[in-house]
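Hi everyone, thanks for making time today. I'd like to walk you through a structure that is new to this group, so please have the picture ready and follow along with me.

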Amino acid sequence: MTENEDEKLDIDVLLGQIKERINPMYGKTIDCDAGWHELVCKCHLELLAADPNYEIFQIKEKFGALRYYFGTQSSDLKEFMMWKTVEKYMLLSQETCELTGKPGKLMYKEGLYKTLAEEYEKDGWQPVERVSTDKIFGI
């Protein structure tokens with residue numbers, strides 16, 4: 001995707017199209033905050049290019065990373081490449097603040113993990129590398 005294409009992304013329209021593609025058994029929701037919506041849309045566009053008929057099951061945040069679950073009737077090789085696309089966006093989410101879209105890092109607060117910008121440390125979030133394992137595991 002070129003920079004001009006990035007500028008032309010209509011996030012709201014794409015999110016509506018993505019929600020329509022989600023299998024109704026899973027609820028037609030995207031369960032992550034707005035800072036990752038552009039990542040979700042770009043992932044969708046790449047998956048759509050690989051398989052215009054792919055199906056979405058869930059899109060959510062889990063343990064501070066984007067999870068994008070889908071199904072396809074494509075060949076094994078194409079499906080493998082689609083999972084590599086999903087992996088790429090999961091890795092990008094791990095360095096992108098879920099709330100703002102700014103650079104972020106994995107943080108911990110009260111049993112929760114979230115990828116956030118440094119500014120959220122003032123709200124009690126702590127970078128995981130500074131949290132003791134005793135605190136994480138409740139020991």
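Let's begin with helix α2, where Asp12 and Glu20 are exposed on one side. Keep in mind as we go that this is a predicted model.

So which residues of α2 are buried? They are Leu14, Leu15 and Ile18. Looking down the axis of α2, you find these buried residues within an arc of 100°, so they line one face of the helix.

Leaving aside residues up to four places away in sequence, Ile18 touches Ile30, Val40, Cys41, His44, Ile56 and Ile59.

That brings us to the largest nonpolar core, which has 22 residues. Ile18 is one of the members that touch the most other members, together with Ile30, Val40, Ile59, Leu66 and Tyr68. At least two residues of this core come from each of α2 (11-21), α3 (37-50), β2 (55-62), β3 (65-71) and α4 (76-93). Which of these gives the most? That is α3, with five residues. There is also another core lying apart from this one; it has six residues, including Cys97, Leu116, Ala117 and Tyr120.

Now over to the strands. β2 and β3 pair in the antiparallel sense, over seven bridges. If you want a spot to look at, find Gln58, which stands opposite Tyr69 in β3. The two strands form a hairpin with two residues between them. In that turn, Phe63 has a positive phi of about 50°. As for β3 itself, six of its seven residues are buried, so this strand is largely enclosed by the rest of the structure.

My last stop is Ser93, which lies in helix α4. Is Ser93 buried or exposed? It is buried, with a relative accessible area of 0%. What does Ser93 touch, not counting residues up to four places away in sequence? The list is Trp36, Leu39, Gly64, Ala65, Leu66 and Thr115. You have met Leu66 already, among the residues that touch the most other members of the largest nonpolar core.

Terms used
Residues are numbered from 1 along each chain as its sequence is written. This is a predicted model: local features need pLDDT of at least 70, side-chain atom pairs count only at pLDDT 80 or more; totals for chains, interfaces and linings use all residues. Side-chain values use heavy atoms; hydrogens and water are left out. A nonpolar core is a set of buried Ala, Val, Leu, Ile, Met, Phe, Trp, Tyr and Cys residues joined through side-chain atoms within 4.5 Å. Buried means under 20% relative accessible area, exposed over 50%, partly exposed in between (1.4 Å probe, protein chains only). Helices (H or I, at least four residues) and strands (E, at least two) are DSSP runs, numbered from the N terminus. Contact means heavy atoms within 4.5 Å. The arc is that of the directions from the helix axis to the C-beta atoms. Two strands pair if DSSP finds at least two bridges between them.
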